[in-house]
Amino acid sequence: MYSSINSVAKPSRQSLHIHLVVSEEIERTLKRIGAAPGFAGDNGETRVLSDGSLLVGLGKRESINGLTMRTAGGKAIKALERMKARFAKVTFEEGTLAKDADRLAFGAQFGEGAGVANWQFATYRGSASTRKKVNGTLALGATDRDFATGLATGLRIAESVNYSRTIAATPPNICTPAWIASQAQKLARSHRMTCRVISYAEARRLGMGGLTAVGMGSEAKPCIVVLDWRPAKTGRGTRGAAKDVHLCLVGKTVTYDTGGYSLKVNNGMKGMKYDKCGGTAVLGAMHAIATAKLPVRVTALLPAAENMVSGDSYRPDDIITLFNGVTVEVTNTDAEGRLVLADALAWACKMLKPSHIVDMATLTGGVVVALGSWCAGLMCTDADLRGRVERSGQATGDRVWHLPLWTEHREHMRSQHADIINSNPSRLGHPLQGGAFLSYFVDEKVPWAHVDIAGVASVDGSTDVYTTPGPTGFGVKLLYDVARGFAVS
Ligand SMILES: [Zn+2]
């Protein structure tokens, strides 16, 4: 790994060449550069040549897309790392890209892949580990100007993704709700944002019965972090629609989820530090938004709580009243994410009057069964916002798939003794229950999208893009791109 990868507009003379090649051209290319056969140009295939340059395969020309470019970027970095290269530039062999190829986008995807592959989490390596040596910095450029511009953008966004992954990987004995708040405050200070924290005591005073019920069983009490990005020039500097946009991002931040009294079986508990990944994705997106100084107002809310078992914990059959007065009969203390989100959503609607809300959460096991780890589930009844989220998902590779949210699904959450239940024991339409529940806490007039990332927030093994198992930072790019979409149109 490199301590950092910096994009350079003018690559130095001594730069190592990274030749991107497609499989159709491979024989001609190998002949031209005097390399031995035996390289097919498959996507992600790499080979070091005798002159010290690096071949990286893209696969077939017509199937080059975001994923192949990210894969190539990641594999290239891994090879450069082994070569201990300090300066490198991307070059294209003739005929590699189609004439109308979007070099800006390809550069961004390659840079993103490179940056994301250059992540490791070594904070807690102790005396029994040999620390991997870090290489110093890598200066990365490209001969094509558009590709180089894109590369810089991609590397920047990867930093936000990696920032999010590092917080996500931080273990629950360190990463408590208060620790999350301190990280958000640090981010606010370094990126010209404001941050305030709704404390446990204040949440109780405000009647946030969901957040307080979920978090009160833990020594580490819950809170809601409110992080606000106000662009310097809202008004004249902002064109058209962005002037009236106030986007609100809400991320479930359950720093640890034991399930509470609806206790998870022990193997189901492992990895539950990732139950805060909605919140860490929102933090990463705010990092990207403030770094890019997007001309659009964005407020992030992170309802943070630890779901533990103690004499103070909430229990199944409790009836609680949430911020907007809706009463909830708790049927399952392991359906806690929606309770903390509900108070945050209701508070945001009343106090911020946002123009749009997107929430992100590792909310249901049902969405993992339905969609696996290939995409997140999206629920949204507003056509414009739904289109924005879907387009951003396609563009960034943080893909989403739309699920229904009908009156019938809302009725499925009705309670006998309170307004609604937090989980229906019937597993029918399980992933839909989360969104249906949350809809009771969002002002009907506010376009709202719910993104369930339970299947995509972390990976058990390494993949082409996420070369290190663990948190993926899924959602950082998606949320950033949705905000960016409002800034440009
Ligand atoms: Zn749970």
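Reply: Two strands pair if DSSP finds at least two bridges between them; strands are DSSP runs of E with at least two residues, and helices are runs of H or I with at least four, numbered from the N terminus. This is a predicted model, with local features needing pLDDT of at least 70 and side-chain atom pairs counted only at pLDDT 80 or more, while totals for chains, interfaces and linings use all residues. Residue numbers start from 1 along each chain as its sequence is written.

β12 pairs with β13 (residues 327-329) in the antiparallel sense, over three bridges. Within that pairing, Ile320 faces Val328 of β13. Both strands belong to an open, mixed sheet of three strands, ordered β12-β13-β17. Its edges are β12 (319-321) and β17 (420-421), each pairing on one side only.

Now for the helices. The axes of α4 (residues 145-169) and α15 (residues 476-488) come within 9 Å and cross at roughly 130 degrees, where axes are lines fitted to C-alpha atoms over the stretch in contact and angles run from 0 to 180 degrees between N-to-C directions. The two helices are therefore oblique to each other, the class left once angles under 35 degrees (roughly parallel), over 145 (roughly antiparallel) and 65 to 115 (roughly perpendicular) are set aside. Ile157, Ser160, Val161 and Ser164 of α4 meet Val476, Lys477 and Tyr480 of α15, contact requiring C-beta atoms, placed from the backbone, within 7 Å.

How values were computed:
Two residues are in contact if their C-beta atoms, placed from the backbone, lie within 7 Å.
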